[in-house]
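Open the model in your viewer and keep the selection panel at hand.

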Amino acid sequence: MSNHTYKKLELVGSSPESMQDAINNAIARAHQTIANLRWFEVTEMRGQVENGKVAYWQVTLKIGFTLEE
């Protein structure tokens with residue numbers, strides 16, 4: 001088994017639909033420019049309220065990836 005070194009980045013994903021979409025949006029965007037994505041952890045969740053309803057979701061997450069050899 002090889003030894004791996006990992007790096008973590010903090011991202012904020014957003015969506016007017018749901019927390020799940022906010023997470024998926026952040027991961028999909030990171031995947032466009034960062035190789036070897038391995039995991040994520042949600043560290044914060046926020047939402048904007050308009051007229052008594054949730055209008056927007058924001059999710060802060062840390063994304064881990066392996067550094068290339």
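**Stop 1: the core**

Select Ala22, Ile23, Ala26, Ala30, Ile34, Val59, Leu61, Ile63 and Phe65: these 9 residues make up the largest nonpolar core. Helix H1 (19-33) and strand E3 are the elements that give two or more residues to this core. The model is a predicted one. In soluble globular proteins, nonpolar side chains tend to be buried together.

Val59 is itself a member of the core.

**Stop 2: Thr60**

Move to Thr60, in strand E3, which covers residues 53-66. Is Thr60 buried or exposed? Thr60 has a relative accessible area of 3% and is buried, because buried means under 20%.

Show the contacts of Thr60, leaving out residues up to four places away in sequence: Glu10, Leu11, Val12, Glu41, Val42, Thr43, Glu44 and Arg46. Three of the next selections, Glu41, Glu44 and Arg46, are in that list.

**Stop 3: the salt bridges**

How many salt bridges does the structure hold? There are 2. Side chains of opposite charge can pair when their charged atoms come close.

Select Glu41 and Lys8, whose side chains meet in a salt bridge at 3.7 Å, N to O. Glu41 lies in strand E2 and Lys8 in strand E1 (residues 6-15), so the pair ties together parts that are 33 residues apart in sequence. Both ends are partly exposed: Glu41 has a relative accessibility of 34%, and Lys8 has a relative accessible area of 45%.

Then select Arg46 and Glu44, which form a salt bridge with their closest N and O atoms 3.0 Å apart. Arg46 is partly exposed at 32% relative accessibility, and Glu44 is partly exposed with a relative accessible area of 42%.

**Stop 4: the surface patch**

Switch to a surface view and select Phe40, Val42 and Met45. What do these residues form on the surface? They form a nonpolar patch, with about 280 Å² of accessible area together.

Phe40 belongs to strand E2 (residues 37-50). With 42% relative accessibility, Phe40 counts as partly exposed. Val42, also in the patch, is one of the residues that Thr60 touches. To finish, display Val42 and Thr60 together and look at the contact between them.

Key
Residues are numbered from 1 along each chain as its sequence is written. This is a predicted model: local features need pLDDT of at least 70, side-chain atom pairs count only at pLDDT 80 or more; totals for chains, interfaces and linings use all residues. Side-chain values use heavy atoms; hydrogens and water are left out. Patches are made of residues with over 30% relative accessible area and no salt bridge: like charges are joined within 9 Å, nonpolar side chains (Val, Leu, Ile, Met, Phe, Trp, Tyr) within 5 Å. Accessible areas come from the Shrake-Rupley method with a 1.4 Å probe; for residues, only the protein chains shown count as cover. A salt bridge is a side-chain nitrogen of Lys or Arg within 4 Å of a carboxyl oxygen of Asp or Glu. Helices (H or I, at least four residues) and strands (E, at least two) are DSSP runs, numbered from the N terminus. Buried means under 20% relative accessible area, exposed over 50%, partly exposed in between (1.4 Å probe, protein chains only). Contact means heavy atoms within 4.5 Å. A nonpolar core is a set of buried Ala, Val, Leu, Ile, Met, Phe, Trp, Tyr and Cys residues joined through side-chain atoms within 4.5 Å.
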